Amino acid sequence: MAIRDTLLGDLALLDRVVSAGGISAAAAALGAAKSSVSTRISALEAELGVRLLVRSRSGARPTPAGERLL
């Protein structure tokens, strides 16, 4: 159950990052550290074996795989 809760939380976090337009904006909205949000998204990508976000200085947007997942 804890693994499932973690996965669901990470999916919700991915949705928040996409909705906010970037990791920094999502972290600020959640009152979380940017590094922790980035680490969780990277861990989700590693677990699924696919890149979910295209990151840039101006924000983040979902890859085609990220769009399908969301």
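Is Ser 19 buried or exposed? Ser 19 counts as exposed because its relative accessibility is 57%, where exposed means over 50% relative accessible area, buried under 20%, and partly exposed in between (1.4 Å probe, protein chains only). The structure is a predicted model, in which local features need pLDDT of at least 70 and side-chain atom pairs count only at pLDDT 80 or more, while totals for chains, interfaces and linings use all residues. Residues are numbered from 1 along each chain as its sequence is written, and side-chain values use heavy atoms, with hydrogens and water left out.

Ser 19 is found in helix α1; helices (H or I, at least four residues) and strands (E, at least two) are DSSP runs numbered from the N terminus. Between Ser 19 and Ser 38 the separation is 19 residues in sequence and 15 Å in space, C-alpha to C-alpha. Asp 10 also has its place in helix α1, which spans residues 2-20. Asp 10 counts as buried because its relative accessibility is 7%. When residues up to four places away in sequence are not counted, Asp 10 touches Arg 40, Ile 41 and Leu 44, contact being defined as heavy atoms within 4.5 Å.

Leu 44 lies in helix α3 and, at 1% relative accessibility, counts as buried. With neighbours within four places in sequence left aside, Leu 44 is in contact with Leu 7, Asp 10, Leu 11, Leu 14 and Leu 52. For Leu 44 and Leu 7, a sequence separation of 37 residues accompanies a C-alpha to C-alpha distance of 7.8 Å. Glu 45 likewise belongs to helix α3, and its relative accessible area of 8% makes it buried. Residues up to four places away in sequence again being excluded, Glu 45 touches Val 50, Arg 51, Leu 52, Leu 53 and Arg 55. Glu 45 and Arg 68 are 23 residues apart in sequence, and their C-alpha atoms are 14 Å apart in space.

Helix α2 (residues 23-30) packs with helix α3 (residues 34-48) at an angle of about 115°, the axes being 8 Å apart. Axes are lines fitted to C-alpha atoms, for helices over the stretch in contact, and angles run from 0 to 180 degrees between N-to-C directions. The contact is made by Ile 23, Ser 24 and Ala 27 of α2 together with Lys 34, Val 37 and Ser 38 of α3. By class, the contact of α2 with α3 has 3 nonpolar, 2 polar and 1 charged residues; Ala, Val, Leu, Ile, Met, Phe, Trp, Tyr, Cys and Pro count as nonpolar, Asp, Glu, Lys and Arg as charged, and the others, Gly among them, as polar.

The buried residues of α2 are Ile 23, Ala 26 and Ala 27. These residues cover an arc of only 100° around the axis and therefore lie on the same side of α2, the arc being that of the directions from the helix axis to the C-beta atoms. An α-helix has 3.6 residues a turn, so residues three or four places apart point the same way. Ala 28 and Ala 29, on the other side of α2, are exposed. Gly 31 follows α2 and has a positive phi, near 70°.

Strand β1 (residues 53-56) pairs with strand β2 (residues 59-62) in the antiparallel sense over 4 bridges, pairing requiring that DSSP find at least two bridges between two strands. The two strands, β1 and β2, form a hairpin with 2 residues between them. Val 54 has Arg 61 as its bridge partner in β2, and Arg 55 stands opposite Ala 60 in β2.
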